[in-house]
Amino acid sequence: MAKLADLGTEEAFHEGPEFPQMWPVLEEAAIDLALTAEVRFECLDALLYYRQRHGPEETIVPLLGQMEALIDGGLEEFRPRLVFLQKSLFYFAFQCNRARVEELIDKGQALLPNNASYRRVFCYSAALALWKLRQLTRAERLLNNLVTEYLASLSIDIDELMSNPGSYIVRVRADDDYGTDCKHLADCFDLLARVSEQLQRARPDQRKLAVRLFEITGSWDSAVRVGIDLVYQHLNRRELPQALTLVSESLPGLVQVYGLVRHTIPLRFLHAHILGKMGQVASARQILRTADPFLNSLPIDEQLDAARLTNFLR
């Protein structure tokens with residue numbers, strides 16, 4: 001069970017095909033008194049990692065309550081307390097509770113050990129919370145500092161990374177810590193792109209760098225997710241050929257090779273939209289005929305997005 005919990009907290013596990021059968025197992029393990037408090041805590045950590053990204057939302061508060069009870073019951077090491085604090089920070093940020101977020105940021109800073117890796121991860125968590133609260137200038141400042149620090153620590157030359165990433169791929173495969181930090185840098189570029197967009201100074205290179213870093217670290221789901229955001233950014237800039245290349249070649253290739261089936265149908269609707277905007281209406285409608293039978297299988301918000309994108313073709 002400990003190995004399963006460890007797997008569930010590995011970021012790479014969430015970057016490939018889904019395994020929904022593991023979450024009920026972890027839910028049962030989290031309340032199994034035959035297991036140690038440490039193992040139950042790791043099960044809760046894995047569950048919260050997943051639930052805070054995919055829902056359902058009503059499961060989050062009970063899981064946080066279970067985690068806090070284990071800490072109060074004797075898990076006194078700084079790591080469980082820091083994990084609980086970060087998970088709570090995400091929750092209250094998404095609830096738009098500014099007072100609690102500020103309180104938790106202060107607590108986290110006081111709790112952090114003298115360790116650059118922990119400090120960077122917590123700093124990213126604080127930036128994410130501030131972004132959700134629309135404290136954009138503060139979030140941007142934190143992220144810019146993080147990006148500068150990561151690039152220096154990892155000895156990354158941006159031009160080389162984008163044009164010839166082979167040496168970085170070798171280092172990622174040889175050093176797990178190096179790969180983890182590259183993935184965290186990708187997260188920073190991803191969030192910085194969102195912040196920059198809301199501050200009306202969007203830069204496509206931020207998402208391109210995020211996608212490249214996600215690719216070299218094997219974070220395939222994140223690469224596709226940010227790639228889709230980049231498609232929309234190209235659309236907003238009326239860069240239709242660049243958007244078309246992404247939805248017709250690059251992103252479907254990743255989806256097919258790495259079994260990311262949840263992105264297949266949304267990408268088809270987006271592909272049809274772009275073809276239609278380029279005047280290739282017959283081709284767009286042909287793609288719709290392959291996507292429409294699966295429309296009802298999508299979450300409601302994605303169904304609405306698909307309709308919004310393609311109504312002009314119908």
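Which residue forms a salt bridge with Glu149, and how far apart are the closest N and O atoms?

Author: The partner is Arg120, and the closest N and O atoms are 2.9 Å apart. Because Glu149 lies in helix H8 (residues 136–154) and Arg120 in helix H7 (residues 116–132), the pair ties together parts that are 29 residues apart in sequence.

Some ground rules come first. This is a predicted model, where local features need pLDDT of at least 70, side-chain atom pairs count only at pLDDT 80 or more, and totals for chains, interfaces and linings use all residues. Residues are numbered from 1 along each chain as its sequence is written, and side-chain values use heavy atoms, leaving out hydrogens and water.

Now the terms. A salt bridge is a side-chain nitrogen of Lys or Arg within 4 Å of a carboxyl oxygen of Asp or Glu. Side chains of opposite charge can pair when their charged atoms come close. Helices (H or I, at least four residues) and strands (E, at least two) are DSSP runs, numbered from the N terminus.

How open are the two partners? Buried means under 20% relative accessible area, exposed over 50%, and partly exposed in between, with a 1.4 Å probe and protein chains only. Arg120 is buried, at 10% relative accessibility. Glu149 is partly exposed, at 24%.

Compare a pair inside one helix. Glu103 forms a salt bridge with Lys107, with the closest N and O atoms 3.4 Å apart. Both residues sit in helix H6 (residues 98–111), and they are 4 residues apart, so about one helical turn separates them. Glu103 is partly exposed at 34% relative accessibility. Lys107 is partly exposed too, with a relative accessible area of 44%.

Glu215 is partly exposed, at 27% relative accessibility.

Salt bridges can also join up. Glu42, Asp45, Arg79 and Lys87 are linked in a network of them. By the rule above, the count comes to 22 salt bridges.

Finally, a look at the nonpolar side. A nonpolar core is a set of buried Ala, Val, Leu, Ile, Met, Phe, Trp, Tyr and Cys residues joined through side-chain atoms within 4.5 Å. The largest such core has 102 residues, and Ile156, Leu185, Leu213 and Val231 touch the most other members.
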